[in-house]
Structures are given as structure tokens and as C-alpha cells.
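Hi everyone, thanks for coming. Have a look first.

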Amino acid sequence: GGARVSIYVNGDSLKDHRVITFACHDISIVAMGGDNAATRATMSEVSMTDLWLFDYIGDELQQTIHQTATDANFGTPAINASYGDHTIYFVASRGDSPVIDGTTISWTKPSDTFWASRSIIIAPSTSANQTVSLQRVATRLRLTVTDEIPATLAQICITPSHWYYGIDYLTGEATDDRQAERTINVPASYIGTTGQLYANFYSMSPSSAWQTDITMKAKDGDGGVISQIGIADVPLERNRVTNYSGPLFSASRTSSVTADGEWGEDITGTW
């Protein structure tokens with residue numbers, strides 16, 4: 001199970017090459033638990049901003065296509081592929097400031113991301129309609145503060161012991177593990193509210209379930225720490241949202257945990 005992107009292939013013969021257009025028509029999001037019912041959305045509806053296609057013959061990169069959401073043909077990359085056995089890798093994401101280094105794509109701020117590899121024999125007889133499914137390789141941590149927000153709060157910051165900022169596009173595995181502070185600015189409209197402030201943080205995710213420790217800080221407008229807590233052994237997994245909630249400013253340290261069912265089964269824990 002997992003979120004999937006359906007891609008259809010159409011091609012025209014050109015001597016010993018074939019011009020193939022990969023049309024990303026829709027995204028089919030499948031829950032890992034329950035009855036596995038699927039919901040469908042377009043790439044625009046899940047706010048993808050970048051799409052890469054990497055075309056390989058053996059270990060040799062033949063061509064790279066990079067599209068952004070502002071391109072007129074976003075979601076329909078075309079390649080002029082020579083006859084032979086190709087493996088094509090796809091990455092769709094809405095992370096900030098992507099950088100490619102070798103076979104790694106890293107983001108300064110990772111966000112929802114999908115990946116797939118597709119083996120295809122390019123020949124005159126190759127079917128004009130092919131399908132490729134991209135699976136979500138991201139996880140999301142959602143932290144909800146349940147006590148009243150003080151007037152001095154300006155930022156919520158977390159520092160995870162493990163957090164993945166990139167993937168290897170050949171394998172889809174998480175890379176670029178950093179221990180860095182992530183920051184969310186808190187609008188003044190949340191001052192005095194209770195249970196309404198939450199923050200979402202995305203990470204690329206290894207293929208297996210994993211854990212991280214979280215240091216969570218509340219800061220004022222000058223960067224001073226108002227309050228701080230530690231959350232140990234937070235469970236994370238691809239295509240799943242880990243929802244943690246609890247007080248940040250009061251003495252109590254109880255919490256409740258749920259998960260977004262569209263992404264998969266519940267993940268539970270306490271801080």
C-alpha cells in the first residue's frame with residue numbers, strides 16, 4: 001500500500017529512437033490500513049512543484065528532464081529515447097530549494113515527495129500506453145500544542161536527532177541525515193488560543209520504520225527560549241503521519257496521539 005502516482009506513456013517512432021511522453025494524469029492515494037480504499041487527486045491538488053525524470057541505460061545516465069509547476073507542460077515530460085533497455089527514475093516533490101549531487105536530491109526544507117523506477121524496452125513495437133506508479137517516500141510529523149499560547153511566543157522549533165533531507169533517486173532511499181533545527185513562525189492570531197496551534201514537519205523516510213528523538217522549544221521574538229521539552233523515540237514511517245499533541249507551557253506532560261488515516265494506520269506515543 002501507499003500513495004501512488006499513475007503515469008501513462010505515449011510514443012512515436014523516430015528511426016532508431018522513440019519520442020515518448022510520460023503524462024502524469026492523476027495521483028491515487030491508498031491507505032495502508034482499513035479497506036485500502038483509494039482517493040484520487042491531480043498533481044496540482046497535492047501541490048507538487050518539481051518533477052524529475054532520469055533516463056538510464058545500464059549505469060549510464062542518458063538524459064535528465066526537470067519540470068516545475070510553472071511549465072506549460074508540467075507533468076508531461078517527453079524523452080527522445082534510443083532503442084534498448086532503459087530504466088527511468090521519477091521524482092515528484094514540493095520541497096524547497098532542491099539540489100542534485102550525484103544521485104542524491106536534497107532539499108533545504110523537505111516536503112511531500114513521490115518516487116518510482118520503471119524498466120522499459122524501447123523498440124518500434126513498444127506499447128504506446130505504459131503505466132508507472134510513484135510511491136510516497138516522505139513522512140510527516142504533526143505537533144499540536146494543547147495549552148494556552150502566551151503573548152511572548154513567536155516561534156516553535158524542533159531539533160530531531162535524525163531527519164532526512166534527501167533521497168537517492170536510484171533507490172528511493174532516504175539520505176542526507178542531519179541534526180538541524182527546524183522552525184515554524186507563530187502568527188500573533190494564535191496568542192491566547194488553546195489547542196489550535198499545530199506545526200507540520202516533513203522528512204524523507206527510509207523504507208523501514210524508524211525513530212527519532214525530538215527537542216521542542218518555544219521561542220520569543222528575540223530568540224529566547226520560553227519553554228522546552230524532549231520527546232523520545234518518536235516513531236515515523238513512509239506514507240504515515242505521526243500526530244503528537246500535548247502541553248508545552250504548563251507543568252503537565254501528558255499527551256494524546258492520532259494519525260491521518262489517509263496516509264495509513266495510526267502511530268501512537270507520548271511525550
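So, the largest nonpolar core here has 39 residues. By nonpolar core I mean a set of buried Ala, Val, Leu, Ile, Met, Phe, Trp, Tyr and Cys residues joined through side-chain atoms within 4.5 Å. Buried means under 20% relative accessible area, exposed is over 50%, and partly exposed is in between, with a 1.4 Å probe and protein chains only. Phe54, Val91, Leu141, Leu143, Ile156, Met204 and Met216 have the most contacts inside this core.

Several strands each supply at least two of its residues, among them S4 (50-57), S13 (155-160), S17 (197-204) and S18 (210-219). The largest share, five residues, comes from S17. Strands are DSSP runs of E, at least two residues long, and helices are runs of H or I, at least four; both are numbered from the N terminus. Apart from this core there's another one, of 18 residues, including Val46 and Leu134.

Quick word on where this comes from: it's a predicted model, where local features need pLDDT of at least 70, side-chain atom pairs count only at pLDDT 80 or more, and totals for chains, interfaces and linings use all residues. Residues are numbered from 1 along each chain as its sequence is written, and side-chain values use heavy atoms, leaving out hydrogens and water.

Now, which strands make up the open sheet of four? In order, they're S16-S13-S18-S19, with antiparallel pairing. Two strands pair if DSSP finds at least two bridges between them. The edges are S16 (182-185) and S19, each pairing on one side only.

Let's zoom in on S13. S13 and S16 are joined over four bridges: Ile156 stands opposite Ile184, and Cys157 has Thr183 as its bridge partner. Towards S18 there are six bridges, and here Gln155 stands opposite Lys219. Ile156 also touches Leu197, Met216 and Leu248, among others, leaving aside residues up to four places away in sequence. Contact means heavy atoms within 4.5 Å.

Last stop: the loop between S16 and S17, where we find Thr193. Is Thr193 buried or exposed? Its relative accessible area is 15%, so Thr193 counts as buried. A polar atom of its side chain lies 2.6 Å from the backbone oxygen of Tyr190. Thr193 also touches Asp147, Glu148 and Ile149, again not counting residues up to four places away in sequence.

That's my tour, thanks!

Conventions
Polar contact = N/O pair within 3.5 Å; in protein donor to acceptor, adjacent residues only side chain to side chain.
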